[in-house]
Amino acid sequence: MQRPHILQIGPYPAWDEEPLNQAFIVHRYFDAADKPSFLAEVGPRIRAIATRGELGASRPMIAACPSLEVVSVYGVGFDAVDLAACRERGVRVTNTPDVLTGDVADLGIAMMLALSRGVVGAQRWVHDGSWAAKGLYPLQRRVWGRRAGVLGLGRIGHEVAKRLAGFGMDIAYCGPTRKDFASNWEFIADPVRLAERSDFLFVTLAASPATRHIVNKDVIAALGEEGMLINISRASNIDEDALLDALEKKTLGCAALDVFEGEPKLNPRFLALDNVLLQPHHASGTVETRKAMGKLVRDNLAAHFAGQPLLTPVL
Ligand code: 8YV
């Protein structure tokens, strides 16, 4: 049987590229200089798209592939895939849940600790000789025992909350429904009220049109000048202009962010701030997790082409 033609939207680590190239005839969208001509040429042969969470697959891209059967996403988030276009065409969609949950939660906690305790600035203090020249590093804020809010107690939010419990934090969460497994934690249905009672607010919601800007200017104002916002989900969950305004005016204490509108070209206003910790969308970025994600992308494709049930279907 001839290997199926697939469209690869962004690069993967070498350990994923090799097996992908063995199993499929891979057309590298990201290498094409003239993307519309490239799509027009290879589109008719494409039976699968292999993409990444933040890159997804757009409606024009899907339309350019009339024989498309499946989109396999390297990432848990599938908000960048045009699901309506897939549904209309009966195109299946898979993602990589579970395998990345622990690492994403870990980075959220690391960001909270690093920003609250001034770890990045303290490193600079040692490196640039300030310790010897100026003495002790300015005092920072405690983490353990304080109040944490988790907006979205799904797989990742749950792992964040479990880790926060280890720091003796007073935990509340918000979501569409109260969760049976979370009886030790307070359920607060309104994100503004959750923010009001939080020193640290974690955004761990799966992004969708319904959650767009769920963290709006009222939520940000409620978190307040002592509060910290931590986003390890998607930029679209936060009104970024309202966030930047609040950070500039210091009506919000600080923010630790792994995701940005238009990333990797983030709004330059972020770079002028001294009350942020900025990370390059790498919450799932460990060797262990990325290997597991790559394998799941391929296993889903293999299952599809073998006529077997998809391992982790979205659609
Ligand atoms: C990215 C992600 O896929 O899981 C998600 O939804 O956004 C990430 O894991 C990863 O950065 C690879 O591009």
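What follows is a set of questions and answers, going from the overall fold to single residues.

The model is predicted, so that local features need pLDDT of at least 70 and side-chain atom pairs count only at pLDDT 80 or more, while totals for chains, interfaces and linings use all residues. Residues are numbered from 1 along each chain as its sequence is written, and side-chain values use heavy atoms, with hydrogens and water left out.

Q: How many helices and strands are there in the protein?
A: Helices (H or I, at least four residues) and strands (E, at least two) are taken as DSSP runs, numbered from the N terminus. Counted in this way, the protein has twelve helices and twelve strands.

Q: What percentage of the residues of the protein count as buried?
A: Buried means under 20% relative accessible area, exposed over 50%, and partly exposed in between (1.4 Å probe, protein chains only). Of the 315 residues of the protein, the share that counts as buried is 50%.

Q: Is Arg 163 buried or partly exposed, and which residues does it touch?
A: Arg 163 lies in helix H8 (residues 155-166), and its relative accessible area is 23%, which means that it is partly exposed. Leaving out residues up to four places away in sequence, Arg 163 touches Gly 102, Ala 105, Asp 106 and Ile 109.

Q: Which residues is Val 99 in contact with, leaving aside its neighbours within four places in sequence?
A: Val 99 belongs to the loop between strand E5 (92-94) and helix H5 (101-116), and with a relative accessible area of 32% it is partly exposed. Once those neighbours are set aside, the contacts of Val 99 are Thr 289, Ala 292, Met 293 and Leu 296.

Q: Where is the peptide bond that is cis, from Glu 263 to Pro 264, and what is its omega?
A: Most residues other than glycine have a negative phi, and most peptide bonds are trans. Pro 264 is placed in the loop between strand E11 (254-257) and strand E12 (276-278). The bond from Glu 263 to Pro 264 is cis, with omega near 5°.

Q: What is the phi of His 213 and of Lys 250?
A: His 213 sits in the loop between strand E9 (200-203) and helix H10 (217-223), and at 26% relative accessibility it counts as partly exposed. Lys 250 is in the loop between helix H11 (240-249) and E11, and at 43% relative accessibility it also counts as partly exposed. Neither is a glycine, yet phi is positive in both, at about 55° for His 213 and near 65° for Lys 250.

Methods. Contact = heavy atoms within 4.5 Å.
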